[in-house]
Amino acid sequence: MTGIGKTTLVEKVYSDPSVVEEFETRLFVHIGPRYNRSEEIMWLVLYQLGITSDRFLKRDYVKQLSETLSDKKYLIVLEDVWAGLHAWHDLEYGGFPVNGKGSRVIIISQIDRYVVSSVVVLPLLKDNESWKLLRQTAFSGSEDKCSHELEKIGKTIAKNCKGLPAAIIQVGVNLRGKSFQEWKTLSEKEDPLVITKDDDTPLSEALYFSYMMLSQRLKLCFLYMGVFPKNYVISRSKLIKLWVCESFVPDLSRLFSTPEEIAGGNIDQLIHQSVVLKEKSTALNLYNAKKCRLHFTFRSLCVNEAKSEKFFHILKKYSDCKPHNIRSHKRLCAHNNVVLAFAQVQEWMESVLDVRSLLCLGPNQQYPIVLPLHFRLLKVLDALAIRFYEFPHQILGLLHLTYLSITCDRELPSSISRLWNLEVLIFRRHHKIKLSINGPVYLPIDIWNMHRLTQLYCKGFDLPAPPLDDSHLENLKTLSGVSVHSCTREVLSRIPKLTRLAVHIESAHGATENFSFFDHISTLHEGLESFKCVVVNPNLSSQVVPCFQSFPKYVRKMILSGCRFKWKNMGAIAAFEGLQVLKLRWYAVSGPVWKTNAKQFPSLMFLLLEDLDIEHWESDGERFPYLGHVIFSHCYKLKSIPDQLKHVKRIEVDDCSRSLEKQMCEW
């Protein structure tokens with residue numbers, strides 16, 4: 001990330017006396033975005049070596065570099081590199097000579113996609129380190145001393161800088177010679193700095209430059225991330241759904257990529273460009289983010305740039321909702337949902353007609369509020385944090401909706417099918433509303449007429465049996481929150497493109513679970529990629545039939561929780577050739593010993609064992625060929641694991657037995 005101190009660190013190493021003495025030739029070359037081809041970078045290096053010519057071809061640069069550096073131990077620093085992978089590949093394998101003298105090339109870049117022998121990713125500063133840097137900067141060259149009262153406020157300001165050295169230094173400079181009250185006022189602000197494109201501070205200029213280096217497509221996606229509140233951890237799946245429904249990504253599915261795949265790639269590119277922070281990695285790829293967030297500096301840039309471009313407007317205070325503030329904005333984002341309930345605010349809202357997105361991203365509301373829903377052109381409505389006693393009938397008039405997320409105490413109306421453009425439907429009850437104990441609660445049968453639906457999340461509700469006609473949910477790819485009553489052959493046969501299925505089962509006392517629906521899934525959906533089965537509040541006295549016919553055989557990802565299978569039943573899952581991710585949580589499997597062999601889990605890359613009563617995991621034969629990441633969490637009885645796991649690149653142990661910790665230490 002810009003401003004994290006990359007150049008400062010390298011300059012200290014470069015100028016260290018021991019380094020100066022060690023390397024015969026040292027060069028510190030500023031590259032910049034203007035020079036993005038390998039021959040241009042080589043030309044700059046040769047220029048600093050005192051060799052200039054405008055007539056060299058690429059092969060001439062390579063030859064000249066080799067002749068000049070092959071007999072020297074050199075250290076070359078390439079600062080601010082924006083060149084692509086192809087250019088660096090040329091430099092690494094055909095540019096700088098490998099002379100066996102211990103020469104080194106250091107690249108300083110915001111782009112983290114370079115394939116080099118060693119990568120150093122600088123972390124953000126800790127709170128105590130942030131305060132130390134702020135104090136040094138604010139009181140540098142001053143006779144003033146930092147009082148105890150000022151130190152307490154200063155630590156709050158430093159913490160609000162979120163560990164970015166350049167931001168801390170800028171704030172420290174701004175605080176020099178300021179009064180106690182001015183320090184206190186700054187500590188109470190949401191952000192210690194405001195970042196705009198018109199600001200001439202080095203930090204603002206660097207941040208804005210990083211933004212301008214994004215492609216137009218990525219700029220839209222990046223700006224949109226500013227709709228989320230400060231410190232909001234954004235899930236990959238939610239961001240992808242919103243971007244697709246906002247039409248930020250093209251549909252190239254007929255060629256090579258679906259909109260969801262393109263949107264996921266955009267997230268990864270923004271992280272590679274160091275404008276978005278990765279909060280949590282995906283199970284399969286540590287480089288891809290499952291959750292991400294914006295640093296406050298980039299979020300400030302997003303909010304101010306979006307305001308000037310009329311891209312979105314944030315509603316947090318009463319004054320934010322006044323007509324002159326909301327007029328001409330097509331996206332309204334409520335970070336304080338209560339302000340939308342004021343009668344005056346609703347009257348002001350009625351004067352705004354062309355709003356396309358309404359995002360209610362404030363804290364969850366325990367009591368219902370009236371939401372302005374007169375926006376006839378609305379495409380995206382995220383009201384999951386708002387509680388409705390009954391489904392608002394005004395929503396049924398929003399015929400352009402492609403994304404609807406709502407919390408409602410009652411059922412969906414049958415007229416929901418009027419929203420024929422809807423692609424994503426997320427429907428849940430308030431957490432205090434108990435689900436029916438008299439049997440399943442079904443969505444209206446008209447749901448089968450919503451042919452554009454691609455994702456349906458409806459925890460506590462089930463799909464009804466399809467009508468007698470030929471109705472299909474032909475575009476539905478994700479079905480989540482349903483029970484076994486939705487996993488019949490009759491229902492599943494009408495969802496031909498289903499790739500992700502999440503089933504929730506309410507465990508009744510003394511009930512017998514036979515999981516026979518597994519067979520329906522395996523025979524009807526060979527293309528299923530992700531399968532999740534959660535027994536909610538598993539009753540340990542219930543009976544589980546261990547003999548089920550089959551599991552879904554083609555899944556790449558499987559998550560089980562509360563199922564209480566026996567370890568011997570895992571042999572069916574272990575034989576799946578395509579299974580890459582397996583997560584076993586909360587009595588998903590019970591029993592003291594798990595035995596595996598070399599033929600099992602041929603493609604497994606990620607394994608999680610969490611809250612299980614397992615005591616020993618035994619395995620014979622060779623190591624698991626692709627297993628690269630294993631997590632043991634809250635397995636208090638687990639004493640031993642196979643020696644084959646010694647070769648696993650990453651193993652995490654969280655709150656398990658001392659015996660397991662001892663075994664890990666011995667490795």
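Helices and strands here are DSSP runs numbered from the N terminus, helices being H or I of at least four residues and strands E of at least two.

Before I continue, a word on the model. This is a predicted model, in which local features need pLDDT of at least 70 and side-chain atom pairs count only at pLDDT 80 or more, while totals for chains, interfaces and linings use all residues. Residues are numbered from 1 along each chain as its sequence is written, and side-chain values use heavy atoms, with hydrogens and water left out.

Returning to the sheet, β1 and strand β2 (residues 74-79) pair in the parallel sense over six bridges. Within that pairing, L27 stands opposite I76 in β2. Contact means heavy atoms within 4.5 Å. Axes are lines fitted to C-alpha atoms, for helices over the stretch in contact, and angles run from 0 to 180 degrees between N-to-C directions.

I turn now to helix pairs. Two packed helices are described by the angle between their axes and the distance between the axes. Helix α6 (residues 127-138) packs with helix α8 (residues 165-175) at an angle of about 35 degrees, their axes lying 8 Å apart. This crossing of α6 and α8 is right-handed; a crossing is left-handed if the near helix is turned anticlockwise from the far one by less than a right angle, and right-handed if clockwise. On the α6 side the contact is made by S130, L133, L134, T137 and A138, and on the α8 side by residues including I168, I169 and V171.

How are the axes of α7 and α9 placed? Those of helix α7 (residues 148-160) and helix α9 (residues 180-187) come within 9 Å and cross at roughly 35 degrees. The crossing of α7 and α9 is left-handed. Among the residues that meet there are L150, I153 and I157 in α7, and F180, W183 and L186 in α9.

The next region holds a second sheet. Its three strands have the order β4-β6-β5 in an open sheet with antiparallel pairing. β4 (234-235) and β5 (277-281) stand at the edges with a single partner strand each, so one side of each is left without a neighbour in the sheet. Two bridges join β4 to strand β6 (residues 289-293), and the two run antiparallel. I234 has C292 in β6 as its bridge partner.

Helix α12 (residues 236-245) and helix α13 (residues 259-272) pack at an angle of about 120 degrees, with axes 9 Å apart. That makes α12 oblique to α13, where angles under 35 degrees count as roughly parallel, over 145 as roughly antiparallel, 65 to 115 as roughly perpendicular and the rest as oblique. α12 passes α13 in a right-handed crossing. R236, L239, I240, W243 and V244 of α12 make the contact with residues of α13 that include A263, I267 and L270.

Which residues of helix α11 (residues 216-224) are buried? They are L218, K219, C221, F222, L223 and Y224, buried meaning under 20% relative accessible area, exposed over 50%, and partly exposed in between (1.4 Å probe, protein chains only). These buried residues pack against α10 (202-212), α12, α13, α14 (296-309), β8 and β9.

Finally, I come to β8 itself. From strand β8 (residues 331-334), R331 and C333 point one way, L332 and A334 the other, and all are buried. Strand β7 (residues 313-315) pairs with β8 in the parallel sense over three bridges, and the bridge partner of H313 in β8 is L332. β8 also pairs with strand β9 (residues 357-360), again in the parallel sense, over four bridges. C333 stands opposite L359 in β9. Together with helix α16 (residues 343-349), β8 and β9 make a right-handed β-α-β unit; a crossover is right-handed if, with the strands pointing away from the viewer, the path from the first strand over the helix to the second runs clockwise.

Helix α16 contains W348, which is buried, with a relative accessible area of 15%. W348 and P323 are 25 residues apart in sequence and 5.8 Å apart in space, C-alpha to C-alpha. Not counting residues up to four places away in sequence, W348 touches Y318, C321, K322, P323 and I326.

Notes
Pairing = 2+ DSSP bridges.
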